[in-house]
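Let's take a walk through this structure together. Keep the viewer open and turn the model as you read.

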Amino acid sequence: MKDVNILVEHLTRVEGHGNIVLNAKDGKVEKVQWQVSEAPRFFESFARGRTHYEMAHVTCRICGICSIGHTEASLKATETAMGIELSEQTQTLRRMIKSAENLQSHVLHVGYLIAPDLFGVGSVFPLIGTHPQIVLKIVALHRLANEMSDLLAGRTIHPTNMVPGGFTSIPSEKQLKQLRQKLLDAVPVFNEVAEIVLANAHKLPKFTRETEFIALTSDKEYAIYDGVIGSTDGGTWPVDQYLKVTNEFVVPYSTAKFTKHNRESYMVGALARFNLNYDKLSPLAKQWAGKFGLSSVCHNPFMNSVAQLIECFNDVETTIAWIDQLLEKGLDAKNMCAKYDVKAGRGIAAVDVPRGILFHDYTYNDKGICTKANCIIPTNQNHNNINQDFKAFAPTIIDKPEKEIELLLEMLVRAYDPCISCSCHYLDVQWKR
Amino acid sequence: MKPRVAFFDFASCEGCQLSVANLEESLVDVLKLIDIVAFREVMKEHSDQYDIAIVEGSITRPMDEERLKKIRANANILIALGACAHLGGVQRMANQWTPEENKKEVYGIANPADIADSNRFFEKPRQKALDEVVKVDYTIPGCPINKEEFAKVLIALLTGRKPPIPDYPVCVECKKKENVCMFTIGKFCMGPLARAGCGAPCPTAGNECEACRGYVDHPHEKAQTDVLEKYGLTVDDIMRRKTMFTYRYVEKPKDGA
C-alpha cells in the first residue's frame, strides 16, 4: 500500500482560485480538501452607500462570465424593495437575456474547457490544429450567444442597457427576426457538437454520491429567471426564505463562504436544474437527455457538463418561442422602462445563473441608498459539495497512477464549472514529496 | 521566433480575459502571430519564459504583491489589462473602510482567529492598482476592456509601434455616434472627464458613462462641476460617482490600511 501526498497549489504562478490537498497513508486517505484562496473583494461592504440605480452596475462586476445573471438578480432585488412592477415585454426580454448568458457560458465550458479533457490535451489550442472544423463550429456557437446578449443587453460582459424597471434601449423587430433565423440555423450545429460529445461521453467517470440538489423551480417554465427554491430532498421555499436554505459558514481554508442545508452539503447548477425541472425542458432538450441516458435524479457530478449541453437546446428552443411571442404582440419601445418612486425597503431576489442559484438581498434607506447587502453565489454553494465529493471519490481512485489521480481530481472540480473569482478552470496539480 | 505571451489574473471578475476569448475567430488569427505560454483561464500548460505579461485584476494582499513582482521580473513588457489592474476596480471602493471593518461586514459570522492577518488568505486585504506595486509599461483600460482595442494594442506592440490609447473624453466618441447627451435627459454622465477608446457603449445604450476607463490626462474637472451644477446635481452625487471606478483619484491614506 502506498503513501500519497498531493498539494495542488497556485501560489507559485496563479493566485487564488483553488487548491487541492490530498494525504494518504498505506493507501488510506487521511485528508482530502478543496481550498479557496481567492483574494477577497468585499462587495457586500462597499455596496453600502451606492444608489438603487448603481447597484446592478456595481454587483455585475462580481463575475465577468455571469455578469448578466448578477445584473438580473440585482435589478430584481431593487425592484422588489421599491415595489416596481415590470411589463410582460420586459420580463420576456429578461428571460431571453438570461438564456443568452446560459448559452454563452455553457458553450464556453463544454466546448473550450471540458473538451480538452475528453480529447486528452491541455487546452483547446492544440485542437485548432487537429480538429479545426469542430473548433470553428464551437467558436461560431459561442459568437452567436455573445451576439445575442450584445443585441439584447447592450453588451455581453457588464450589460449597458438594463436598469431598475426595464431597459434604456431595446432591439428592433427586424433585429429579433434576424436573431430568430440565426438560432434556427444554429440547431444543426448544436446537434453536430452534441454528437461529438456523446461519442466521447463514456470518458466521463462513473462516480456517484447521493447529495441534495437545490435550484429554482416553477410550475410554469424551466426556471432560470424566476421561481421558488426547490430541493430534490423535497420541499420548496419562497426566495425570501433563502437564509433557511443556504446556512452560510466560514472555514479557515477558504475566502469563499460555504453553505449547507439538509445534508452535509448540496449542489447547484445545470445538473441541479435538470434534476428538479426535467419535465419543463423543451422537446429537443429532452430528446438529447434521452440520447445521453441522463434521467432525474442523477447523482454523478461529472454529468453536470452533459446537463449544460442539454440546457443549450432548451435555451435555443425557448428563445425562438419568446421571439415569436414578442413579434406577435409587437414591440413597445415607448414603454421599455417602468417609472418608480424611490422608497425604503428590503428586496430579496434569485435567478439561476449558469453555475446555479444566485441570491441578492439589499436593504435601502428612504433616499434609495443601499445600507446592507448580501450576495450568495452559486460556486460558494458548491465548494462544500466538492469537498464532500472529494472525500467519497479519492478513496476509489487512490490506487491509480499519480498522473491519473491528478487528472481525475481536476476533472471533478472542472465538472462543477467553478467560478471562484469568475472561473477557475485551470488546476495545477503538484506532487508534494 | 514568435513573441511569447502570458496572461495572469488577480482580484477581478476575469471579464477582461473573457473579452479576449470573445474575439472568437479573430483570436484564432491572433494565435498565428504569438505563442500563448500561460493563460490559466483556458490552458493547463504553463511556462515562466515569456516576453509579454498581460495582467488582469487588482492587488490585494502581501501574497498577491509577491506574485506580481515575480511576473514583473520574468516579463520584458507588462500590460495592465482592464479597470482593476489600471485603477483598482470597483472593489477599490472597499478602501473607504479599514480591512478589519470590511472583514467584519463580510465574514462577521466567522471565528475571528480564522480570518485574522496570520492567515495569509485573509492577510491585510487592501485594493491597489498594478502600478502601485510594480512598473507598468502599457495600460488597456476599461470595465471590461474593448476587445478591438486589445487587438490593436497587441498588433501595435508586435509591429514596434506605440499602442493607440486615446487621450480625449468619451464625449468625442459619443457625439460621433450622434447620441442624445445624457445630461439633457436628466442623467448623470462622467463622459466629459472619462478617457475615450471604448466607443461610448453606455450612452449609446441610453445609460450614463461611469468613467470605467479613468480620466483623460488633463481632465477639466472645474468645467465638469459647472455642468453638474447647471443640471442641479449635488456634490454628494458627484462624489459618489467619483468613487465608483475612479476612487483612486480621490482616495486618501487611511488608518489601519
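**A tour of two chains**

In chain B, 74% of the contacts with a separation of 6 or more are between residues 24 or more positions apart; two residues are in contact if their C-beta atoms, placed from the backbone, lie within 7 Å. Before going further, please note that this is a predicted model, in which local features need pLDDT of at least 70 and side-chain atom pairs count only at pLDDT 80 or more, while totals for chains, interfaces and linings use all residues. Residues are numbered from 1 along each chain as its sequence is written, and chains are lettered from A and ligands numbered from 1 in the order in which they are written.

Let's stay with chain B for a moment. Chain B has 11 helices and five strands, where helices (H or I, at least four residues) and strands (E, at least two) are DSSP runs numbered from the N terminus. Along the principal axes, its C-alpha atoms fill a box of roughly 55 × 50 × 30 Å. A compact globule of 257 residues would have a radius of gyration near 18 Å, and the 20 Å of chain B agrees with that; the radius is taken over C-alpha atoms, and the globule rule is 2.2 Å times the number of residues to the power 0.38. Of the 257 residues in chain B, 49% are buried. A residue is buried if 20 or more other C-beta atoms lie within 10 Å of its own, exposed if 12 or fewer, and partly exposed in between, with C-beta atoms placed from the backbone.

Now turn to chain A, which has 13 helices and 13 strands. Its radius of gyration is 21 Å, close to the 22 Å that the globule rule gives for 433 residues, so chain A is as compact as a globular protein of that length. The C-alpha atoms of chain A fill a box of roughly 70 × 50 × 40 Å along the principal axes, and buried residues make up 58% of the 433 residues. For contacts in chain A between residues at least 6 apart in sequence, 72% join residues at least 24 apart.

Where do the chains meet? In chain A, 53 residues are in contact with 53 residues of chain B. On the side of chain A that touches chain B, at least two residues each come from helix 1 (43–46), helix 2 (55–59), helix 4 (88–119), helix 5 (125–130) and helix 6 (132–153) of chain A. Helix 6 of chain A gives the largest share of that side, four residues. By class, the residues of this side of chain A are 22 nonpolar, 21 polar and 10 charged; Ala, Val, Leu, Ile, Met, Phe, Trp, Tyr, Cys and Pro count as nonpolar, Asp, Glu, Lys and Arg as charged, and the others, Gly among them, as polar.

Next, look at how helices pack within chain A. Helix 4 and helix 6 of chain A cross at roughly 155°, and their axes come within 9 Å; axes are lines fitted to C-alpha atoms, for helices over the stretch in contact, and angles run from 0 to 180 degrees between N-to-C directions. That makes helix 4 of chain A roughly antiparallel to helix 6 of chain A, a term for angles over 145 degrees. Among the residues that make the contact are Leu93(A), Met96(A) and Ile97(A) of helix 4 of chain A, and Ile138(A), Leu141(A) and His142(A) of helix 6 of chain A. The residues of this contact of helix 4 with helix 6 of chain A include 13 nonpolar, five polar and one charged.

A second pair is helix 7 (residues 173–200) and helix 11 (residues 304–329) of chain A, which pack at an angle of about 160° with their axes 10 Å apart. Helix 7 of chain A is therefore roughly antiparallel to helix 11 of chain A. This contact of helix 7 with helix 11 of chain A has 17 nonpolar, one polar and three charged residues.

Finally, some backbone details. Most residues other than glycine have a negative phi, and most peptide bonds are trans. The peptide bond from Ser296(A) to Val297(A) is cis, with omega near 5°, and Val297(A) sits in the loop between helix 10 (283–292) and helix 11 of chain A. Another cis peptide bond joins Cys143(B) and Pro144(B), with omega about -5°. Asp26(A), which is not a glycine, has a positive phi near 50°, and counts as exposed with 8 C-beta neighbours inside 10 Å.

Terms used
Parallel < 35°, antiparallel > 145°, perpendicular 65-115°, else oblique.
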